[in-house]
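Biologist: Please show me the model, and then let us go through the terms one by one.

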There are 2 protein chains.
Amino acid sequence: MARRRGSHSDITGPKIREAALRLIAQHGCAAVSMRKIAEDVGLQVGALYNYTPDKQSLLFDLMETHMVDLLAELGKLPALDGPIEQLDQFVRFHITYHLPRRDEVFVSYMELRNLSPENFERIQALRSQYEGALEAILEAGEASDDFTFTDRHITTLSIIAQLTGITNWYREDGRLTIDEVATIYCDLIQRSVASAQA
Amino acid sequence: MARRRGSHSDITGPKIREAALRLIAQHGCAAVSMRKIAEDVGLQVGALYNYTPDKQSLLFDLMETHMVDLLAELGKLPALDGPIEQLDQFVRFHITYHLPRRDEVFVSYMELRNLSPENFERIQALRSQYEGALEAILEAGEASDDFTFTDRHITTLSIIAQLTGITNWYREDGRLTIDEVATIYCDLIQRSVASAQA
DNA sequence: AAGCTAACTGAACAAGCGTTCATTTGCCAA
DNA sequence: TTGGCAAATGAACGCTTGTTCAGTTAGCTT
């Protein structure tokens with residue numbers, strides 16, 4: 001066989017995805033044309049269609065990849081015993097995973113409304129899986145009397161929002177390292193759910 | 001004088017703003033054309049330009065109006081004595097003001113990147129003012145030993161993110177009233193900043 | 001009733017959009 | 001060295017975009 005798919009494709013494919021991710025995060029999906037993505041990579045528009053059937057699929061692929069990768073990494077965490085330790089682990093994982101991936105997070109949250117209904121549902125399902133992991137920790141903590149809250153599900157969503165909000169203000173060259181931010185949030189969140197000390 | 005500005009203008013102006021806000025919140029600024037806004041109101045495109053010089057100004061106006069109104073309402077709150085009461089008041093105000101204004105909140109947060117640099121700065125300044133009000137409460141609570149946290153500014157941003165996230169999942173026809181949500185969040189947030197009991 | 005003018009129409013503008021495809025390029029296997 | 005095919009080009013498609021503007025409509029003021 002001569003010239004299998006992959007000689008340039010291995011390089012160009014990821015380059016397109018990287019450019020698309022960066023540009024869409026910056027300007028929004030509807031504001032970034034296929035031509036601008038191609039220009040950023042150094043191609044003509046037509047070439048993009050060797051890598052994606054259409055713009056919608058490209059957007060969906062970026063979002064799905066992010067969510068799948070996130071869940072895969074979450075699954076690799078070592079199992080811990082107590083809910084308090086598990087909550088710390090989750091919070092720290094969320095922060096250290098998300099902060100170096102600002103573009104992915106931005107796109108995955110802001111471009112949901114530009115997905116077709118079926119694509120939207122698939123991303124939502126992945127997101128629910130992630131939220132479910134946190135809610136399970138809260139449930140365990142409730143059972144062991146480590147945690148107390150008025151409404152478990154809302155507490156889950158509250159914590160997720162709190163954590164995801166970090167990507168809106170965190171700057172790598174700011175005064176805090178990712179680890180310091182993680183420590184601050186572990187403290188805030190543990191206190192917000194901790195049962196009153198006996 | 002005959003036919004002063006205002007005979008139809010009083011009605012059409014707000015109708016355009018309402019339609020623009022709703023459509024932009026739903027689809028994003030770049031995805032909503034001036035023609036779609038006009039169609040929604042029942043006009044031809046050209047008529048819109050009697051009310052806004054261009055699309056950018058329309059978007060900015062929607063965002064600025066929201067922020068200015070928000071700050072005005074915040075300013076009307078009765079002054080309370082203790083930081084704990086002030087924090088409760090702020091949280092409850094944020095929730096009751098924002099939840100019935102989902103479109104405004106959505107647009108004000110998601111369309112920041114579609115603003116020109118100078119318009120962006122003006123909105124950011126208004127937002128900082130709002131965050132400053134919360135930070136002042138936290139500062140007072142720190143001084144009175146009611147509150148304890150690792151980093152005051154980050155705690156401020158964290159609480160704002162936590163509160164603003166509510167608009168992403170709250171549904172008017174859901175199982176909780178706005179007041180119930182407010183109570184849950186007052187509890188969560190108070191516990192996350194409260195000093196250990198003596 | 002008449003006339004003024006705010007409000008709106010409808011057509012036009014150049015530019016840009018997503019997508020398609022016949023054609024060219026250039027690397028690799030033979 | 002040559003043939004084959006993946007990869008990229010470049011032009012074209014019909015359509016939509018934001019914005020402008022000369023002209024039409026209609027309601028208030030006199």
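**Terms and values**

Modeller: In this predicted model, chain B can be laid on chain A by a turn of 180° and a shift of 0.0 Å along the axis, with an RMSD of 0.0 Å. Copies are superposed by least squares on the C-alpha atoms of residues with pLDDT of at least 70 in both.

Biologist: What makes the relation of the two copies a two-fold rotation axis?

Modeller: The turn is 180° and the shift along the axis is 0.0 Å; the two copies are therefore related as by a two-fold rotation axis. The same surface serves both copies, since 100% of the contact residues of chain B recur in chain A, where contact means heavy atoms within 4.5 Å.

Biologist: Why is A:N119 called buried?

Modeller: Buried means under 20% relative accessible area (1.4 Å probe, protein chains only). A:N119 has 11%, so A:N119 is buried. A:N119 is found in helix α7 (residues 117-143) of chain A, a helix being a DSSP run of H or I with at least four residues. Not counting residues up to four places away in sequence, A:N119 touches A:Q56 and A:F60.

Biologist: What does UniProt place at residues 10-70 of chain A?

Modeller: An unreviewed UniProt entry places the feature "domain: HTH tetR-type" there; such annotations may be inferred rather than shown by experiment. Over residues 10-70 the chain is 75% helix and 0% strand, strands being DSSP runs of E with at least two residues.

Modeller: On conventions, residues are numbered from 1 along each chain as its sequence is written, and chains are lettered from A in the order in which they are written. Local features need pLDDT of at least 70, side-chain atom pairs count only at pLDDT 80 or more, and side-chain values use heavy atoms, with hydrogens and water left out.

Technical notes. Buried means under 20% relative accessible area, exposed over 50%, partly exposed in between (1.4 Å probe, protein chains only).
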